[in-house]
Amino acid sequence: MQTEFSLNFTGDVMLGRLIDQLFPTHVDNAEDKSHAESFVARFPHLQSYSPSSPWGSTLPLFLEAHLNLINLETAVTTNHEAWPGKAFNYRMHPANAPTILAAANIDFASLANNHTLDFGTEGLVETAWTLKNDKSHTRAARVGIAGAGESIHEAISPATLELPRSKTQGGVKQGGRPAALSTEDREERREKHIVQVYAASDHPLMWNDVPMFHLIDYSENSKAHLRRVVEKYSSGSTSSSDGGGASSEQSPSLKIFSIHWGPNYSWHPADNIRSMAHFLVFECGIDIVHGHSSHHIQGVECPAPGKVIIYGCGDFVDDYAVHAKYRNDLGAVYRVVVREEGRSENETGPAAASSKKLTPFRLEIFPTRIKLFQAHLLNDTRDKDHKWVCERIRTLTKELVESGHSCWAGERSLMRSDLGERGQIIMDLV
């Protein structure tokens, strides 16, 4: 039986505005349509833009991974009533999201960000419904969500994924609300790992009164709330009858927290962000902190063996203008490789499921570049942008270690000096 799995993480995936306009079916926006037509006139190859196009040359990384997790930075709705007073409001047509996400085998999309409610609660409900429901009876729209949804429970509770992916259900239980399992489902799930993914955002404050949006701050009250949430859904005592995320027979093998935090364009996470990250790891038992929001890469941290904090994944694909200093067009695919521990060779069935644990032991960072609404893998080490990403990540990570926070490895660098065979940075986590 397989004992190692790879999980890919990206930052902001913004598929609205001009990207949406490149598809035959798109939302009605005359200004965006005009801009998109201008790009197509200058770059005729955009006429053949397809559901796999946003992923560009990074697509093989997603197709070979066992789970793929993103921050979806746009509403998926035809509602035209934008949230008042916001400078930027992003949306894409519901016809496009399922096929684009399916093209890269996306398993989870965080909805805890500052664009989920760009078109109000009606837009949020349509976004959540579109991602959760599969009208074509294929795997296309079976995407797990957390951080926002159709209800308070759906926003706060974790998405529950399976490793390996389920053949019959696309590896997803939505928002901690598992549907009734068939005999075939139950049999297939006996030997699987359960992965829980929680999500929250620290902004915008204007959405504080929206109950279906998981907004947090850095207060002790907020930390107490997060501890209660994780304890409730990861204890293994919550059943499907009360809408829980894990069955009474199986606790999660891996816990992930996807969090949208901090301001745009700041190389270093603030002290309250680092404090929250360490709280999630040491007080809530989170194994992987998946951070995003800054629009550019930040450093990574391994605060304890088998734990990893990605403070800022950067932008992955969008239609944004490029910031000359922070290079928001340069990002990465962050691959966390986990391995099974804690089960004897003779254990099978429910007993094995309750004892197995997945431990992150390696982080691989694949530099990427956004160009013409596509993500491109930077695997040529001679490319100046590849060098820039590697240098920035190494420097920012080193500065995190030297900033006074404790590190179990002491002064020893966990990042290997040599790059991987595909030009990726490799960081040992144990």
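Is W207 buried or exposed in this structure, and what is its relative accessible area? Before I answer, please keep in mind that we are looking at a predicted model. W207 is buried, because its relative accessible area is 0%, and buried here stands for anything under 20%.

Let me stay with that residue and turn to its ring partner. The ring centres of W83 and W207 lie 5.7 Å apart with their planes at 65°, and the pair is therefore edge-to-face, since that label applies to planes over 60 degrees apart. This pair links distant parts of the chain, with W83 in the loop between β3 (75-76) and β4 (91-92), and W207, 124 residues away, in the loop between β9 (193-201) and α8 (220-234).

Now to a second pair, F88 and Y90, whose ring centres are 6.4 Å apart and whose planes meet at 40°, so that this one counts as tilted.

Finally, a word on charges and rings. R91 places its charged end over the ring of F119, at 5.0 Å from the ring centre, and in another such arrangement the charged end of R339 sits over the ring of F361, 4.5 Å from the centre of that ring.

Key:
Residues are numbered from 1 along each chain as its sequence is written. This is a predicted model: local features need pLDDT of at least 70, side-chain atom pairs count only at pLDDT 80 or more; totals for chains, interfaces and linings use all residues. Side-chain values use heavy atoms; hydrogens and water are left out. Rings of Phe, Tyr and Trp (its six-membered ring) pair if their centres lie within 6.5 Å; planes under 30 degrees apart count as stacked, over 60 as edge-to-face and the rest as tilted. Helices (H or I, at least four residues) and strands (E, at least two) are DSSP runs, numbered from the N terminus. Buried means under 20% relative accessible area, exposed over 50%, partly exposed in between (1.4 Å probe, protein chains only). A charge sits over a ring if NZ of Lys or CZ of Arg is within 6 Å of the ring centre and within 35 degrees of the ring normal.
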